[in-house]
Amino acid sequence: MSALSILIPAALFLGLLGLVGFFWALKNRQFDDLDGAAERILLDDD
Amino acid sequence: MNAITPTVTPYVIELPEDVRRLNLMVASVHCAGCIRKIEGALHKTPGVINARVNLSTRRLVVDWHAPENNASRLVQLVSDLGFPATPYDPEMLSGANAREESRLLKSMAVAGFAAANVMLLSIAVWAGYDGGMGDATRGLFHWISAMIALPVVVYSGMPFFKSALIALKGRSLNMDVPISLAVILASGMSLHQTIQGAQHTYFDASVTLLFFLLVGRYLDRRARSKARSAAEQLVTLTATSATIVNGDGSMQTLAVSQVEKGMTVLVAAGDRIPVDGQILSGESDVDASLVTGESLPANVAPQTLVYAGTLNLSQPLTITVKACGDGTLLAEIVRLMEAAEQGRAKYVQIADRVAAIYAPAVHILSAATFIGWMMFTNAGWEASLMAAIAVLIITCPCALGLAVPAVQVVATGRLLQHGVLLKSSHGLERLSNVDTVVFDKTGTLTTAELHLTNGEDISDDVLALAAALAQHSNHPLSRAITKTWGQRPCPDVSNISETPGFGLEATQNGKNVRLGKADWCGVDLDGIPAPFASAVIWLAHEGSEPLQLIFQDTLRNDALETINALRASGMDVIMLSGDRESTVSQMAQALGIDHYAAEQLPAHKVHFVEDLAKAGRHVLMVGDGINDAPALAAGHVSMSPASAADISQNAADLVFQGNSLASIPASIRTARMAHGLVKQNFALAFLYNAIAVPLAMAGLATPLFAAVAMSSSSIVVTLNALRLRLTKWSISS
């Protein structure tokens, strides 16, 4: 039982971390230009 | 780039600290090189703070310091690099849509998070049924689930609740009504159970249900917004301007919307005529193909009426404006088109047709369960209500919600991959039951490019001479000659002059050479049989017999193959054209089309298509010209090539790229397969219900059973949709 008091918060925390990460990426427009990112990798200056 | 200069200012957004922002559409960016060229040049420009190209949406955002630069100059700069740029207002164009899409994505992420965590807890509870999990632990798990699930249901369920409310207010039922009801009741009942310390809760079912449905909805929306953004670009690129000649002879550029009746407009050679008007001075050839559908230019002189959207080919013209904006023939065609489109708005999609039967059925079954339990058992109202809610959850159309979007997404992606853009949401569904295909001739079955047909009968010397003259002219026939001759050297000719409407004249070694109409070359047509041709011109070289050059509209390479494939799959093929009877019948014969109509005006075409529809046919209209646009809108479904007039591409449900017509039968095949898969998916969903509902009505559906049934049916439906990818993209089966 006592393991649960650590594991459940840990599971929830990790899940939330992923969710927050996703929202961060969304807010920072990481998904706006998927094709552009793939092509930009070929540019060596900038 | 005058077209942009006068209208650029309204699109500039003012940011703090004197920073200005401009959003531009740059349709021609396609690779890393383009990005570097544009961004590199802009970053070197004084005042520019930031320039960023978005390759997915083909758009460019530029921020600059206001005192150091101005919008027109930046637009000019990008355009000069070879990327024509059009400013747009991001709010007007896709602001609301983008916001809704991002809201769906967020809802999906939140539901996904909740589904994973609640499922984690639920699996422990299920495993504990036999393993002897204590009541306290189970209670704790239920409470944690409730705390995760309830806020998530409120947040992620909102898109469904809103849509259900709208439907109910309109006194109708859509798929979202049973979804919302099931999610709300399941969550409410589970909360009640949790408080009571009971064994079963359905938090997992309600959040996974939301998650799966949001996945379907997001994919569906994304596929469509991609197609829509391409269509939006077409619309905005139509903005044009006009050069006005004032009374004192000075000139001024105005947006077309500012031009008034009675003004004098100057149209340079090579420009599109922006208004309907009468020619004041100048003589030229006008390519009216966008209006009449025909590729051969018409000769115009003072007093001739010309129409907006036609192209002035050879000489500058001044025109007195007779009509502009809403009064033009072009606007009249648009009105015809809009009227024709209203019929299409009545179309009800298969998903809504199913929902119309399904939603009431679910509610009746659920109510019947409650009444049945109350009447025939002594379980009390609480247990009866639980059984009724279990029925709602079990029948909740998880697989049904995915049945259409999953197929739609796979099919849209597949079409896009082969250069076919699906523009309307139910275009695919309508394409699947097409039984008649109506083709426009010029520009659709043919490439609208003329080619020399009797090149073999003419010696190279003569052809070279013709090319030497022709290369100085912009007339389509001249271009056809130079194209035939290619890069080979031409003989020297001097004193070349062009007389619009007649032909070209030059001198070679002191002898007069003429290329043009028969009377221009001094040929008496009496007694000479008229060859089958789109056009004939003559070449007269002083001292030798005049020769005729015969031109024909070029059929697309796979026109015959396409028509045969369509016929083989049981479709009736019809050709409609604005061209002369003789040309059309000859072409019909060559293609093996028995059913055709010539000399059709835009209104005739609409009536023709509408009559077919009245006779119970499902017509696929394929056309490219502005004259086809109303007929495109009137068709059950419509396609146009990417080379079509903007307005026609707008009216069409699907736009296909490239020179091949093979996309048409291939798209129909894809649509039919997709429709078959949708039906199979519905059948699978019903089959699952047929098994699960009786169990739920008997009170045997545990949360575990609900979770397994729901996930497995969703996965089966999605996998079934993916089968579409396995089939080959080909012209015939």
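A salt bridge here means a side-chain nitrogen of Lys or Arg within 4 Å of a carboxyl oxygen of Asp or Glu. Before I go on, a word on the model: it is predicted, so local features need pLDDT of at least 70, side-chain atom pairs count only at pLDDT 80 or more, and totals for chains, interfaces and linings use all residues. Residues are numbered from 1 along each chain as its sequence is written, chains are lettered from A and ligands numbered from 1 in the order in which they are written, and side-chain values use heavy atoms, with hydrogens and water left out.

Which residues form it? E39(B) and R40(A) do, and their closest N and O atoms are 2.8 Å apart. Over all chains, the same rule gives 10 salt bridges. E39(B) sits in helix α1 (residues 32-44) of chain B and R40(A) in helix α2 of chain A, so this pair joins two chains. A note on names: helices (H or I, at least four residues) and strands (E, at least two) are DSSP runs, numbered from the N terminus.

Now the rest of the interface. Contact means heavy atoms within 4.5 Å. How much area is buried between them? About 1900 Å², with carbon and sulfur atoms giving 70%. Buried area is the accessible area (1.4 Å probe) that two parts lose on being put together, summed over both.

There are also three residue pairs in polar contact between chain A and chain B, both residues at pLDDT 80 or more. A polar contact is a pair of N or O atoms within 3.5 Å; within protein, one must be able to donate a hydrogen and the other to accept it, and residues adjacent in sequence count only if both atoms are side-chain atoms.

Next, a sheet in chain B. Six strands form an open sheet, in the order β17-β22-β21-β20-β19-β18, with antiparallel pairing. Two strands pair if DSSP finds at least two bridges between them. At the edges stand β17 (446-452) and β18 (494-499) of chain B, each with a single partner strand, so one side of each has no neighbour in the sheet. On average, neighbouring strands are turned by 15° against each other, direction ignored.

Let's walk through some pairs. β18(B) and β19(B) are antiparallel over four bridges. S497(B) has E505(B) as its bridge partner. Their hairpin has three residues between the strands, and G501(B) in the turn has a positive phi of about 90°.

Then β19(B) meets β20(B), antiparallel, with six bridges. Q508(B) is partnered by K511(B), and L504(B) stands opposite L515(B). Two residues lie between these strands in the hairpin, where N509(B) takes a positive phi near 50°.

Further along, β20 (residues 511-516) and β21 (residues 535-541) of chain B pair antiparallel over four bridges. L515(B) is bridged to L539(B), and G516(B) to W538(B).

What lies across this sheet at about 75° to β20(B)? Helix α15 (residues 460-470) of chain B. Axes are lines fitted to C-alpha atoms, for helices over the stretch in contact, and angles run from 0 to 180 degrees between N-to-C directions.

Last, a second sheet. Seven strands of chain B form an open sheet, β15-β27-β26-β25-β16-β23-β24, and its pairing is mixed. Its edge strands are β15 (420-422) and β24 (595-597) of chain B. Neighbouring strands here are turned by 20° on average, direction ignored. One parallel pair is β26 (residues 637-641) with β27 (residues 654-656) of chain B, over three bridges. There, M639(B) stands opposite L654(B). Helix α18 (residues 581-591) of chain B lies across β23 (572-576) and β24, at about 160° to β24(B).
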